[in-house]
Amino acid sequence: MTRQQAQKIAVSAITAAAGLVVLPIVLVIVYIIVMGAGAINWTFLTALPSEGMTEGGIMPAILGTVILTFGTAIVSIPLAIGAAVYLAEYAQDNWLTRAVRLAIVNLAGIPSIVYGLFGLGAFVLFLKLGTSIIAGSLTLGIMTLPVVISTSEEAILAVPQRFRMVSLSLGATKLQTIRHQVLPQALPGILTGMILGLSRAAGETATLLFTVAAFYLPRLPQSLFDQTMALPYHLYVIATQVPNMPLTIQYGTALILLLIVLSLTLVASVVRTRVRRRREW
Amino acid sequence: MPEQNHPKISLLDVTFRYADETEALRKITLDIAPNQVYVLFGPSRSGKSTLLRLLNRLSDLTEGAQVSGRIALNGQDIFSPAVRVAALRRRVSMVFAIPTPLPGSIRENLTYGLRMAGATDPLMLEERIQQSLVQAALWDEVKDRLDHSAMALSGGQQQRLCIARSLALQPEVLLLDNPTSGLDPLSTATVEDSLYELKRSYTIIMVPHSVQQAGRVADRAAFMLDGELIEEGPRDRIFINPTHERTESYVTGRFG
Amino acid sequence: MNVTTADDTTSTGQAGPLTGTTDRGTWREFFVEHAIKAAGISMIAIVGLIFFFLLREGLPTLGEVPLGALLGTRWYPIEELYGLIPLVIGSLLVTAGSVLIAVPLGLTTAIYLSEIAPQWQRDILKPLIEVLAGIPSIVLGFLGWVALAPLIQSLGAPTGLTAFTGSLVLAYMALPTIISISEDALYAVPKEYRDGALAIGATQWQAIRMVVLRAASPGLVTAVMLGIGRAIGETMAVMMVTGNAANMPAFGPAILFEPVRTMTATIAAEMGEVSQGSVHYHTLFLIGILLFIITFAINSLAGRLIGGQEQRRKRGQI
């Protein structure tokens, strides 16, 4: 085999492997759309489930996911941005900073089911919040921290140093410089990170199992201390726990979940490219 | 009250050391009188920009660096713990080599320093905008588009905006770090011309673009080499009749 | 904001003190800056709290079940048999299978993206891979359950719900992690390295194989490790497609085609039915502790490798 033959074979093999990765992604999305589109109508989106979930709609699950996503945002965003500003602007290169970074890397790696256990032990039982929206939001919020922190830190570090110098040399304090120059310029990147983190939280199931999710709750939650249904868990339940579940409802639920999560991802990347284009430096 | 007999800024035995112990400035002693253009010149890495950054404590940002000796503004030690750095930087304001408008309008740029200091009076702000633009010879060009983006200005206009932005704070000292480096000859001339006006109200300390520029704008000059002050004096003496051999070879273009 | 500063600026600039007493403005800054610092340091506290609550609920097992029993080969809580070995083996099997699939695919895709693909293909492929990263695991699990498992069964396996099915689904979930981190590593290899190799007559493939991959290897190792970390902790998809049989698999050539149950799936499936404070409950938390320690070790190691790269990156701190 000559070197040129080896080159040709290698390039073809690499290209084929890339195709093997990409094609199933397209296939999965198209398949879910095709199978699920038939289920989607106004009743499906707005009605409560009925007849043991085999009929009616999935409105409480959609609403639950929306509420939980907001709760996650409230818990994680202030803390994450604070931590990102700390790492990017304040932290010195010392053991404490290294420990914070190690902590964040590990938070990113903890399995979601372990977050679920933590939420159960800490929020549901120890703080006696019960299986509730608030316990679920706290758990999901903590789980979302690392994504938001690392994208925000990157966005903050990408703000050119000269803007900080100019602001400081005009007599702004460090905090004013961060508030009036650094954060506004880093905002697109921070928003991208926030939305990506939230999209992950919206699709999360294992974390919800013991902290918030109701198997079947044919009413809407009344307070933050109430349980709620949520789309990902609902999909799990109707796919594996309910006999004689019509397939279209299952695919329809999967499709709605996919749409919510992917549209968040899409919004994130639009925000990123849009504002990047408008930026003038 | 500008006290004519007292220096505006005085340095005594100032040494600046990076975290790795290399000395960027060694035992600099220097007095700068008010209302003149004082030029710090020398080859690159001679420490002139470092010295400029010490004067409004932008050097604080260099992690692990150490300063010894004393720098005084109107006789007051600027490194004394009681000094608020932000207040110091409003009085000793810096213009950088690369024109850097902040994102936002011309008006927002000009009022930035004042707003950060808590100024809110719209009349005062308007007055400062006009004053500083006139002083920086930019008023006629931008008076009708104060709310346009500052980024849309040409390079020369941007640099004059940056000067005006510092002037809006009505500082006592203006630090110019190679302010014409990116500018065309015409814009350079405009900036240099404006210095004659500005020194009536301000003390200007400048790192020039070239020896020629130093000769054109300086009232007094200091020649620096490898972090040391070789000699300083009135312009004519330094550029026409320097005492020191190394100053002479640099001024006449034999090295650097 | 405060009187002193306002004085500074309304004066002609010739007067006004450089010094100021602590006033409201600086107090607020003091407070906010400390809040920022606290937010950063709280990350250490959060990891600590997670570990603490796992220990609090999981450690009692060690007093309730003898260590020998925990190392047993039968997980059958109804008869008070808490052998963790089949669960650990289940996790290892599924993870190993997914690594076997995902690592070659992921690395080659990264090579394709960074070395071979023209720009327009990159513009399509990278968002697609981001989409894959965005698909919730429950949706992939659902598809594995309703579509993939029957397909595998129709190929002749006794059941479609096997370790292999789980590995396949997991592989695609780990792919975005592996691809994006290894692509970064490849991208960071200076262009001169490639040019140098090509200049002495190497083909593109030789340049990639002998120069680029070698230079990028620490990043590639990190990518693989984080991919493994991602796979070992995945729960829902695995629970749906691996058949959930907490038995010791029969070791043999078809070992990947037997139903298994992973550590994560065991927690997810059983926690809902145990009574709080029971031995079973404590043991499920003990499994959580094991998972925490495993992923902590993997990520700390990987973090170290990444940390080395980050040190070299110039930081733009004020």
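Author: Let us start with one pair of helices: helix H9 (residues 231-240) of chain A and helix H7 (residues 137-154) of chain C have axes that come within 10 Å and cross at roughly 15°. An axis is a line fitted to C-alpha atoms, for helices over the stretch in contact, and angles run from 0 to 180 degrees between N-to-C directions; helices (H or I, at least four residues) and strands (E, at least two) are DSSP runs, numbered from the N terminus. H9(A) is therefore roughly parallel to H7(C), since angles under 35 degrees count as roughly parallel, over 145 as roughly antiparallel, 65 to 115 as roughly perpendicular and the rest as oblique.

This is a predicted model, in which local features need pLDDT of at least 70 and side-chain atom pairs count only at pLDDT 80 or more, while totals for chains, interfaces and linings use all residues. Residues are numbered from 1 along each chain as its sequence is written, and chains are lettered from A and ligands numbered from 1 in the order in which they are written.

The crossing of H9(A) with H7(C) is left-handed, that is, the near helix is turned anticlockwise from the far one by less than a right angle (clockwise would be right-handed). On the side of H9(A), Pro232(A), Leu235(A), Tyr236(A), Ala239(A) and Thr240(A) meet Ile138(C), Phe142(C), Trp145(C) and Val146(C) of H7(C), where a contact requires C-beta atoms, placed from the backbone, to lie within 7 Å. Eight residues of this helix contact are nonpolar, one is polar and none is charged (Ala, Val, Leu, Ile, Met, Phe, Trp, Tyr, Cys and Pro are nonpolar, Asp, Glu, Lys and Arg charged, and the others, Gly among them, polar).

Chain C itself has 13 helices and two strands. Among the contacts in chain C with a separation of 6 or more, 72% join residues 24 or more positions apart.

Methods: Contact = placed C-beta atoms within 7 Å.
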